Amino acid sequence: MSASETTRTALITRASAGIGEIYADRLAKHGYDLILVAPNKNRLAALARRLENETGRAVETIAADLNNKADLARIETTLRTNTSITLLVNDAGVGATAPLLDSDVEKMDEMICLNVGALTRLTDAAATGFVARGGGTIINIASAIAISPETLKAISPETLNGVYGGSKAFVLAFSQSLDHELAGKGVRVQAVLPGATATQFWDIAGLPDLPSKIGTSADDPADAALASLDERDRSDSASNGEFP
């Protein structure tokens with residue numbers, strides 16, 4: 001994660017808003033070129049212009065709906081074939097607050113396809129490429145709802161739709177297992193568990209006022225997660241007799 005990584009590229013999904021946008025900003029300032037993926041072409045273009053002007057990094061945009069099989073396949077191919085990509089941020093996801101019996105089962109299926117299916121396929125594509133190239137980092141955005149500690153009762157599985165909570169529990173378990181599996185192959189996998197951050201996510205999920213009551217800035221989880229990766233870099237270097 002050091003600023004010396006000037007030739008590396010990060011691909012970020014749902015990069016046009018919220019936590020994904022924060023990752024785009026921070027990684028560009030860390031010296032990464034970017035590939036930004038989101039459905040909204042205009043928002044992506046505006047973000048790309050800003051980051052190019054502010055950081056001088058190269059920023060490519062791909063307008064894609066990851067619940068569309070053709071769009072998803074395009075991003076998978078990019079991850080497998082673009083040898084400059086060393087970091088994937090899987091931020092794309094949706095939530096819901098209505099109880100299951102009051103929900104549209106088709107919408108729940110779409111949620112699973114995006115939160116679980118698309119994330120799994122993109123992680124697989126990135127991991128395959130990273131192992132072949134000798135290293136890389138995958139950051140999967142889960143949620144504090146995956147573990148539902150007592151301190152987060154306001155966003156417990158009973159408050160949010162249980163399908164959403166289950167999808168994020170999958171992301172956590174999947175990421176932990178894959179990190180162990182790939183540890184000896186130079187690939188790191190990090191699961192990030194943000195709480196109620198102030199993003200458009202809550203408007204879509206049906207609780208627009210929740211972040212103002214208990215939430216934090218979208219900057220906080222991204223900054224903390226990147227700091228954790230920096231610390232892991234230093235720890236790995238020290239254990240190998242190296243100094244960062």
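View 1. At 13% relative accessibility, Pro221 counts as buried, because buried here means under 20%. In this predicted model, Pro221 has its place in helix α8, which covers residues 219-239. Look for Ile141 too: Pro221 and Ile141 are 80 residues apart in sequence, yet their C-alpha atoms are 9.6 Å apart in space.

**View 2. The network around Asp25 and Arg50.** Salt bridges that share partners join Glu21, Asp25, Arg26, Lys29, Arg50, Glu54 and Asp223 into one network. How many salt bridges are there by the rule used here? The count comes to 13.

View 3. Glu76 forms a salt bridge with Arg80, and the closest N and O atoms are 3.8 Å apart. Both residues lie in helix α3 (residues 69-81), 4 residues apart, which is about one turn of the helix. An α-helix has 3.6 residues a turn, so residues three or four places apart point the same way. Glu76 counts as buried, at 6% relative accessibility, whereas Arg80 counts as partly exposed, at 38%.

**View 4. Glu76 reaching across to helix α4.** Which residue of helix α4 does Glu76 pair with? The partner is Arg121, in a salt bridge whose closest N and O atoms are 2.9 Å apart. The pair links distant parts of the chain, with Glu76 in helix α3 and Arg121 in helix α4 (residues 105-133), 45 residues apart. Arg121 is partly exposed, with a relative accessible area of 46%.

**View 5. Helix α4 from end to end.** Begin at the N-terminal end of α4, which Asp104 caps: a side-chain oxygen of Asp104 lies 2.8 Å from the backbone nitrogen of Glu106. Follow the helix along to Cys113, where α4 bends by about 30°. Just after α4 comes Gly134, which takes a positive phi of about 90°. How do the ends compare with expectation? At 1.5 Å a residue, the 29 residues of α4 should span 42 Å, and the end C-alpha atoms are 41 Å apart, which agrees.

View 6. For the protein, pLDDT averages 84, and 77% of the residues score at least 70. Another stretch to look at is residues 149-153, where pLDDT stays under 50. For residues 149-153 the model has 3 contacts beyond four places in sequence.

Methods
Residues numbered from 1 in each chain as written. Heavy atoms only, no water. Salt bridge = Lys/Arg side-chain N within 4 Å of Asp/Glu carboxyl O. Helix = DSSP H or I, 4+ residues; strand = E, 2+ residues; numbered from the N terminus. Buried < 20%, exposed > 50% of the residue type's maximum accessible area, 1.4 Å probe, protein only. Expected span 1.5 Å × (residues − 1). Bend = angle between axes of the 7 residues up to and from the residue. Polar contact = N/O pair within 3.5 Å; in protein donor to acceptor, adjacent residues only side chain to side chain. pLDDT = per-residue confidence, 0-100. Contact = heavy atoms within 4.5 Å.
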